[in-house]
Amino acid sequence: MFKGQPKGLFALALANTGERFGYYTMLAILTLLMQARFGWSEAAAGQVYAIFLAGVYFMPLVGGILADKIGYGRCVTLGISVMFLGYLSLALPAGSGLAAKLVMFGGLTLVAIGTGLFKGNLQVLVGNLYDDPKYAAKRDSAFSLFYMAINIGAMFAPSMARKITEMTLAKQGFVYDAACQDPAYLDALSGAYGLCFGVACVSLILSIAIYFACRSWFKHADVTASQAKASAAPVEELTPKQTKDRMVALFLVFAVVIFFWMAFHQNGSALTFFAKKYTNLTVTGPMRIGFNIWSLALIAASVYTLFGIFQSETKKGKYICGGVTVGLWAVAGLLFALMPDPVLAQPSDFQQFNPFFVVALTPISMAIFGALAAKKKEPSAPKKIAFGMLVAAVGFMIITLASVHLTSPMDLGNETQSILSPGWLISTYLTLTFAELLLSPMGISFVSKVAPPKYKGMMMGCWFAATAIGNYLSSIPSMLWNKIPLMANWAILIALCLIAAVIMFALMKKIEAATN
């Protein structure tokens, strides 16, 4: 799994892990912060959330164009510095008036700009490592590993936010209550969320420290097409027709994935509102283990050691992996046994399941596609994207089934109907993660492979710009939250995923012909 990969991959992945920790801290609590601090409705908070997501994923287009001119590494360094200022602004206790709103919007703007300079260009550096023929065949698996690593940061973020929230509320004599509208409680809750952004600042410091400490491992990949040409290094030459065909194929893929991101990025809005309004947050029995991040982390780690039993080339290695696996399970079980029963969860907790499933399922995904590749039956990246859309539709079918007989939000008002088992949301996140693993790392790998050399930064930026459009459109379910039946909201997302899958399969031959 890890064998034969350039060590630059691991340095860049770890640098991104810290940044993603801060970012997913924000996603876990952003809409909840706006509701607590400003009293905004789901529609208003969801709209700002969607605009912010659109900005975060649109700015890599600007960052990519700039990086093609001044260099990828420079943009990465500048980006993480700007992000730091953004998170610092969000951590300030600015109250709830106009000044607080301006500070929040300013902080969100800085985070979006910084992410635009950082995110896409770091991934271009990863892709450039695999332009070397020695590593070219490992490109798809490399991006799966990269994607897995950055989700480690995302996995721990919601639990960190919950722990800080609980501790801050406890100091002021409160416990978390999704329905409480007491001004003193909301002020304490808002302050707790602000502290979470301070921790995000620390994670960015760790990221940039890793980036500079290990820079020698990937410095040779920090070369634009013009820099390579000036140094007489070999650069892939394309005819104008090849360039055009590749660009057309990429833009066809970009257009289709808009629908996926529109549906997928309900985790911080509609699915969080669903957790707050309808899910029983008093968790009992075996399901409690899902709300102990350390147990989840040990279980995820055990998947890798379990695979190590079969992949180790020596008996000693197999025995060591087997022993470590059993040890990880034992400690995870012990932590579970020490948990209180019941556990009082928070809506943001559910956002840890998606990154947990990404980390835990990546080895399985790689093993499946590795076996198919050995038989020369591995589907192309565009086909994986199309199948991912179908799986996403199944994910929203699960939450639709859960919504049968529930009172619609427009009839509930500020009340809650906390009757559903957390298993419904967890199952939805599991299915959506299968879809994400088929689409996101494969799409990034596809762009890094197919993009014409002189437009690498811009094309990676276009991938994120398509994501930005989808993220902005993700506000539609939030805007409709109090206006249409709950099941109708989910039906819209199912239809979009199915339509996108059909379009992708219809365009398959044209895309594959242009990129082979």
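Guide: The lining of the largest cavity comprises 9 nonpolar, 5 polar and 3 charged residues. This cavity belongs to a predicted model, and its volume is about 160 Å³. Of the 17 lining residues, those closest to the centre of the cavity are Tyr24, Tyr57, Lys119, Tyr147 and Ser440. The elements that contribute two or more residues to this lining are helix H1 (7–38), helix H4 (98–129), helix H5 (139–171), helix H8 (240–264), helix H15 (422–450) and helix H16 (456–473).

The structure has 3 cavities of 30 Å³ or more. By class, the lining of the second largest cavity divides into 4 nonpolar, 3 polar and 1 charged residues. H4, H15 and H16 are also among the elements that give two or more residues to the lining of the largest cavity.

The charged side chains may be considered next. The structure contains 10 salt bridges. One of them joins glutamate 19 to arginine 20, with the closest N and O atoms 2.7 Å apart. Glutamate 19 has a relative accessible area of 0% and is therefore buried; arginine 20, at 2%, is buried as well. Another salt bridge pairs arginine 215 with aspartate 222, where the closest N and O atoms lie 3.3 Å apart. In that pair arginine 215 is partly exposed, with a relative accessible area of 25%, whereas aspartate 222 is buried, its value being 16%. The limit for a buried residue is under 20% relative accessible area, so aspartate 222, at 16%, falls within the buried class.

Glutamate 378 and lysine 384 form a further salt bridge, with 2.7 Å between the closest N and O atoms. Glutamate 378 is partly exposed at 31% relative accessibility, while lysine 384 is buried at 1%. Beyond these pairs, salt bridges link Arg162, Lys163, Glu166 and Asp349 in a network.

As for the cysteines, the count of disulfides is 0. Cysteine 462 takes part in none, and the nearest cysteine sulfur, which belongs to cysteine 75, is 15 Å away. A disulfide requires two cysteine sulfur atoms within 2.5 Å. Cysteine 462 has a relative accessibility of 10% and so counts as buried. Cysteine 497 is likewise buried, at 0% relative accessibility.

Most residues other than glycine have a negative phi, and most peptide bonds are trans. The peptide bond from aspartate 341 to proline 342, however, is cis, with omega near 15°. Proline 342 lies in the loop between H11 and strand E2 (343–344).

Lysine 376, which is not a glycine, has a positive phi of about 60°. This lysine is situated in the loop between helix H12 (353–374) and helix H13 (381–402), and its relative accessibility of 78% places lysine 376 in the exposed class. Histidine 405 also has a positive phi, near 75°, and is a residue other than glycine. Histidine 405 is located in the loop between H13 and helix H14 (409–412); at 74% relative accessibility, histidine 405 counts as exposed.

Finally, the confidence of the prediction should be kept in view. The mean pLDDT of the chain is 86, and 97% of its residues reach 70 or more. Where pLDDT is low, the predicted coordinates should not be read in detail.

To return to the part requested, the largest cavity has a volume of about 160 Å³, and its lining includes 9 nonpolar residues together with 5 polar and 3 charged ones.

Notes. Residues are numbered from 1 along each chain as its sequence is written. This is a predicted model: local features need pLDDT of at least 70, side-chain atom pairs count only at pLDDT 80 or more; totals for chains, interfaces and linings use all residues. Side-chain values use heavy atoms; hydrogens and water are left out. Buried means under 20% relative accessible area, exposed over 50%, partly exposed in between (1.4 Å probe, protein chains only). A salt bridge is a side-chain nitrogen of Lys or Arg within 4 Å of a carboxyl oxygen of Asp or Glu. On a 1 Å grid over the protein atoms alone, a cavity is a set of points where a 1.4 Å probe fits but cannot get out, and a pocket is an open set with protein on both sides within 12 Å along at least five of seven lines; lining residues have an atom within 4 Å of a point. Grid points are joined across faces, edges and corners, and a volume is the space filled by probe spheres set on the points. Helices (H or I, at least four residues) and strands (E, at least two) are DSSP runs, numbered from the N terminus. Ala, Val, Leu, Ile, Met, Phe, Trp, Tyr, Cys and Pro count as nonpolar, Asp, Glu, Lys and Arg as charged, and the others, Gly among them, as polar. pLDDT is the predictor's confidence in each residue, from 0 to 100.
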